[in-house]
Amino acid sequence: MTVKGRIHSVESCGTVDGPGIRFVIFTQGCPLRCQYCHNPDSWKPSDGQEITVDELMKEIIKYKSYINFSGGGITASGGEPLMQPVFIKELFRRCQEAKIHTALDTSGFASFEAAQSVLEYTDLVLLDIKSFDPKTYLDLTGVSNEPTLRLAKYLNEIQKPMWIRYVLVPNLTDDPGMIEALANFLKDFTNIEKIELLPFHKMGEYKWEELGYEYLLRDTPAGTREDIEKAATIFKKYNLPVETN
Ligand code: SF4
């Protein structure tokens, strides 16, 4: 059976979405509406381009020796890859069969069963926790953070290697009490390899304008090195492996 999916784009030599050099597949469709989204053109599930797993594998295999030599692999990002669990599961299955490392970059907002099915063939999860505070999360993304926190706990239960990603947005997600609550939630997890703190920036603003959406963070300043260092101090207090580059 030929499994198909819809993608926004691919990047053959990514260096930020997982270890080593990554072939990154940005899937089409996302149920969130993050105020700082860089890819609002990935939101609509019907946009983008249809592609089969066979077609994608042909592309990926061209980069296999390069990717593997660097300790890299493929990363399914988005959009939200868990909106297309059958497609991602098959893609990851084929990659693992070909000895290529698989990483899932997700917000965790998905049906639990869909996530479970994909995890069977996932080597590493990059979990974006956009805020630990339910109201801030809802304001920022338009959805609840419950599925994300549930998935985080499950990933620890099954000891699936995980990187946590947290975007620091001035006046929105940089409240020290809120960050401390997240650190406290994560402190006993034993599957976290890394916590990445990412500064907010406005790279996607022009896309919002092109698509006719209102960009609410127009007046929000970009995050500073100092903000990142302050937040890192909180995670370090809980002995969590935080990185600040
Ligand atoms: S989860 Fe990612 S793709 Fe979806 S809205 Fe948020 S930042 Fe954009």
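## The pairing of strands E6 and E7

Leu-126 stands opposite Trp-163, a residue of strand E7. In this predicted model, strand E7 covers residues 162-168 and pairs with E6 in the parallel sense, over four bridges.

On its other pairing, E6 is joined to strand E5 (residues 101-106), again by four bridges, and these two strands run parallel. Within that pairing, Ala-103 stands opposite Leu-124 of E6.

Strand E6 consists of residues 124-128, and five of the five are buried, so the strand is largely enclosed by the rest of the structure. The burial concerns both faces: Leu-124, Leu-126 and Asp-128 are on one side, while Val-125 and Leu-127 are on the other.

## Helix H4 and the β-α-β unit

E5 and E6 also belong, together with helix H4 (residues 112-119), to a right-handed β-α-β unit. The buried residues of this helix are Phe-112, Ala-114, Ala-115, Val-118 and Leu-119. They cover an arc of only 160° around the axis, and therefore lie on the same side of H4.

## Phe-92 in helix H3

Helix H3 runs over residues 85-97 and contains Phe-92. Is Phe-92 buried or exposed? Its relative accessibility is 0%, and because buried means under 20%, Phe-92 counts as buried.

Leaving aside residues up to four places away in sequence, Phe-92 touches Ile-74, Ala-76, Thr-102, Ala-103, Leu-104, Val-118, Tyr-121 and Thr-122. One of these, Ala-103, is the residue that stands opposite Leu-124 in E6, and another, Val-118, is among the buried residues of H4. Glu-193, by comparison, is 101 residues from Phe-92 in sequence and 21 Å from it in space, C-alpha to C-alpha.

## Cysteines

A disulfide is a covalent bond between the sulfur atoms of two cysteines. The structure holds zero disulfides. Cys-95 is accordingly in no disulfide, and the nearest cysteine sulfur, that of Cys-13, is 15 Å away.

Cys-95 has a relative accessible area of 0% and is buried. Cys-34 is buried as well, with a relative accessible area of 7%.

## Backbone features in the loops

Most residues other than glycine have a negative phi, and most peptide bonds are trans. Where is a cis peptide bond found? It joins Gly-78 and Gly-79, with omega at about 5°. Gly-79 lies in the loop between strand E4 (73-77) and H3.

Gln-159 is not a glycine, yet has a positive phi of about 55°. This residue is located in the loop between H6 and E7 and counts as partly exposed at 42% relative accessibility. Asn-171, also not a glycine, has a positive phi of about 65°. Asn-171 is situated in the loop between E7 and helix H7 (176-186), where a relative accessibility of 70% makes it exposed.

## Salt bridges

Side chains of opposite charge can pair when their charged atoms come close. The count of salt bridges in the model comes to 18. In one of them, Arg-165 pairs with Glu-196, the closest N and O atoms being 2.9 Å apart. Arg-165 lies in strand E7 and Glu-196 in strand E8 (residues 192-199), so the pair ties together parts that are 31 residues apart in sequence. Arg-165 is buried at 8% relative accessibility, and Glu-196 is buried at 11%. Both residues belong to a network of salt bridges that links Asp-17, Asp-105, Arg-165, Lys-194, Glu-196 and Glu-243.

A further salt bridge brings together the side chains of Lys-237 and Glu-180, at 2.8 Å from N to O. Lys-237 lies in helix H9 (residues 225-237) and Glu-180 in helix H7, so this pair ties together parts that are 57 residues apart in sequence. Lys-237 counts as exposed at 56% relative accessibility, whereas Glu-180 is partly exposed, with a relative accessible area of 24%. Arg-225 is partly exposed at 47% relative accessibility, and Glu-229 is partly exposed at 32%.

Key:
Residues numbered from 1 in each chain as written. Predicted model: local features only at pLDDT ≥ 70, side-chain atom pairs only at ≥ 80, totals over all residues. Heavy atoms only, no water. Buried < 20%, exposed > 50% of the residue type's maximum accessible area, 1.4 Å probe, protein only. Contact = heavy atoms within 4.5 Å. Pairing = 2+ DSSP bridges. Right-handed = clockwise from strand over helix to strand, strands pointing away. Arc of directions from axis to C-beta. Disulfide = S-S within 2.5 Å. Salt bridge = Lys/Arg side-chain N within 4 Å of Asp/Glu carboxyl O.
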